[in-house]
Amino acid sequence: MLFRSPNYVLDILKEHGLQDAKPVVSPGITTVTTPDAVSALEGKSISLYRRGVGKCMWMVPLRIEIYYTTKELARNLQHPTMESMMRLRHLLRYLKGTLHYVLVLYARVQLHRDVPVELKIYVDSDWAGCRTTRKSTSGCVIELLGCAIHAFSRTQGTIATSSGEAELYAIGS
């Protein structure tokens, strides 16, 4: 099966004025380049931000590489800032450069009686990745017969006191 990114990616780009923007190679950024990043958004910018993040959330099942960035953007829906908007615009520029990406679902092996069904689960976490709450993030990809069938990225509910504890919480989830 072949799944393409939704056509409304072009609509989001137009809505944010990024249809002619230069694409970037990664979905997220770690540094902010403007000193005014902490100013709160006002008026129509708030709804523009929320609408953009909402549309990215709908894309996540087809584009699992944007899962973490979208999760982090969604954490700021209540009180978005200029930094939040800059991060959303960066993600949209990434999506512009990857419009040709598709999700292909197929089993890498032929099923026979003697071939065991193989389920692989990959789990990882960071330790105290959130700058404000010091909570860690768990990430997981589940493969069946070599095909990714599920993925998630979640902020852990408990503050881990070590990287080993963060990994243990990730495995438990």
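Modeller: In this predicted model, helix α3 passes helix α4 in a left-handed crossing. Two packed helices are described by the angle between their axes and by the distance between those axes. For α3 and α4 the angle is about 155° and the axes lie 10 Å apart. An angle over 145 degrees counts as roughly antiparallel, so α3 is roughly antiparallel to α4. On the α3 side, the residues that meet α4 are T69, T70 and L73. Their partners in α4 are S84, R87, L88 and L91. Sorted by class, this contact holds 3 nonpolar, 3 polar and 1 charged residues.

Helix α3 also packs against α2. The axes of α2 and α3 come within 10 Å and cross at roughly 145°, and this crossing is left-handed too. From α2 the contact takes Y49, V53, C56 and M57, and from α3 it takes T70, L73 and A74. T70 and L73 therefore take part in both contacts of α3, since they meet residues of α4 and residues of α2, where contact means heavy atoms within 4.5 Å. The class count for α2 with α3 is 6 nonpolar, 1 polar and no charged residues.

Helix α2, residues 44-59, has a further partner in α1, residues 8-15. These two pack at an angle of about 160° with their axes 11 Å apart, which means that α1 is roughly antiparallel to α2. The crossing of α1 and α2 is left-handed. Y8, V9, I12 and E15 of α1 are in contact with L48, R51, K55, W58 and M59 of α2. Here the residues divide into 6 nonpolar, no polar and 3 charged.

The helices α3 and α4 also bear on an open space in the model. The largest pocket contains about 620 Å³ of space. It is lined by 19 residues, and E72, N76, E83, R87 and R131 are the closest to its centre. The elements that give two or more residues to this lining are α3 (67-74) and α4 (82-97). The largest share, 4 residues, comes from α3.

Along the sequence they follow the pattern β-α-α-α-α-β-β-β-β-α. The C-alpha atoms fill a box of roughly 60 × 45 × 25 Å along the principal axes.

Methods
Residues numbered from 1 in each chain as written. Predicted model: local features only at pLDDT ≥ 70, side-chain atom pairs only at ≥ 80, totals over all residues. Heavy atoms only, no water. 1 Å grid on protein atoms, 1.4 Å probe; cavity = no way out; pocket = protein on both sides within 12 Å on 5 of 7 lines; lining within 4 Å. Points joined across faces, edges and corners; volume = space filled by probe spheres on them. Axes fitted to C-alpha atoms, helices over the stretch in contact; angles between N-to-C directions. Parallel < 35°, antiparallel > 145°, perpendicular 65-115°, else oblique. Left-handed = near helix turned anticlockwise from the far one by under 90°. Nonpolar A, V, L, I, M, F, W, Y, C, P; charged D, E, K, R; others polar.
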